[in-house]
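Please look through the model below before reading my points, which begin with the chain as a whole and then turn to confidence and to one part of the surface.

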Amino acid sequence: MNTLTTSLKRILFVLIVASLAFAGNVKAQDTTSTDGLEFTDIPTAADSLAAAKAEQKKDTVKKAAATTNTAVATPQDAQKTLWQIFIAGFLGGLIAVTMPCIYPMLPLTVSFFTKKAGSKAKGVSQSMIYGLSIIVIYVLLGMVVTLGFGSDALNSLSTNGIFNIFFFLMLVVFGISFLGAFEITLPSSLANKLDENSNKGGLAGIFFMAATLVVVSFSCTGPIIGTLLVDTASKGARLGPAIGMFGFSLALALPFTLFALFPSTLKSLPKSGGWLNSIKVILGFLELAFALKFLSNVDLAYHWNWFDREIFLSLWIAIFFLMGLYLIGKLKFSHDADLPYLSAPRTIIAIIVFAFVAYMVPGLWGAPLKSISAFLPPPATQDFYLSESSGAAAPAAAPKVSIGEKKYADLFTRVRIRGIDSWYDYEQALLVSKELKKPIMIDFTGWNCVNCRKMENDVWEDPQVFKRLRDDYILLQLYVDDKTDLKPNEVYKSDFSGKKITTLGAKWLDLEGSRFGANAQPYYVLLDSDGNLMNDANGQQIQPSGANFNIDSYIKFLDSGIAAYKNKK
């Protein structure tokens, strides 16, 4: 029975590792900064927006405040994002507890407090102070990151080339360190100094004892902390790093306090052994896989055009295949003990990993891989892409229009929606809408927007949705994080943000914020040929929509715009 209990606990520990890989990537909504949000006009085509400008000058602020379905970050949205960051940090803390640098410290530290205190009550209080000290130290670290970069800088991290390359290299280093190539440690002199101060006694002694644990365990916790700070910072939440560190430190501190309350439960813990190092190695593989996402972000936003979908998939297949070999004992590192037999937990996890590898292999020949498509480079980066909708609906020639060459078309070949004649310039789309007599759907999107890719792969490829986008709308895709420089004569200072607009992405983000009072992606806006929002059958203005993964609801949204455009004509 004890063996079964031990096995179940080991399963739980390793499943937590797998959970972190996905929890760290999940985003409820991809956003950019809302700091300094105002509502004023931006330069647009005079002939198409004259009426809209006149009205907007009178009631832009009022209309933006009354909008009920915008993607401007509300307190509820922000709370949801911070909760996700907290949960990701908490999961990271649970993983840290299972690291070889910390797990063996649990019984030693708890025994130290219970025996030195002289009484159970005093031992519990000291262990609680010890846990609280750990939380304070890590939260202060999160605050330093926030104050050091500032909220504006944090918001730019998700698409900044230098930071993404730095994050990529940092995660690769972390991953290699977890595989056992080397250890990332802080100076031993710092640990010795803190250890000396921990002998002073009182609250200060307990605090320095906690600080000593933080320093000496850095070789195990450093990569987890770094990954967490990278992820939270790149999401742009002002308090993200501090909240992430709070979740991490809470999970790390809880065992020390709980086992001090119930010291007898220490006997039920699995004994230290090779399984601790196995978790560390598995986490190393996951760090390497996670790092590739940052490299893909830079490749897309800066149009390097070399890190395609099949390259990304090939690397993921190799990483997870090696992870599977490690789990079954066919791959061993220098610090690993011999694996005499396969335990049930390792076998189950190995089956899951090899099944995931088998699932990804058809993606090399174009299988959609919808369950992970949001994290992969866009399908258009692949030479051969299988899709029921795009394959069957690759249209005849696109309707001919007399406006000349399509602007920016060469920049977006890697994200072009197969079968749909997308446009990439606002003013051109207005002219095309008038000529073809179709409403416009603006897709405010981004190269690094996970929910945008999920909408395109899971919702837009539905035959009914695809038909409407192809036949009934002028699809205008505006990438708000594109780094292409504007021509010198197109550069301007925004009345909306007061900033100098020098890139194509900044121009479209300025349009989204100033015209529609929104800052999130994806964000879908239905307009008539004059660039105005339309009214539905009840006379209510059709409000823009964010990510909506309910296909029936999204079809109703599209149909409302089609009907409104026909009625207006």
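1. Of the 569 residues in the protein chain, 52% are buried, where buried means under 20% relative accessible area, exposed over 50% and partly exposed in between (1.4 Å probe, protein chains only). This is a predicted model, in which local features need pLDDT of at least 70 and side-chain atom pairs count only at pLDDT 80 or more, while totals for chains, interfaces and linings use all residues. Residues are numbered from 1 along each chain as its sequence is written, and side-chain values use heavy atoms, with hydrogens and water left out.

2. The secondary structure of the protein chain comes to 20 helices and seven strands, which are DSSP runs (helices H or I, at least four residues; strands E, at least two) numbered from the N terminus.

3. The mean pLDDT, the predictor's confidence in each residue from 0 to 100, is 73 for the protein chain, and 66% of its residues reach 70 or more. Over residues 1–80 the pLDDT is below 50, although this stretch has 138 contacts in the model beyond near neighbours in sequence, a contact being heavy atoms within 4.5 Å. Where pLDDT is low, the predicted coordinates should not be read in detail.

4. Which helix holds phenylalanine 207? Phenylalanine 207 lies in helix H9, which spans residues 202–216, and it counts as partly exposed because its relative accessibility is 31%.
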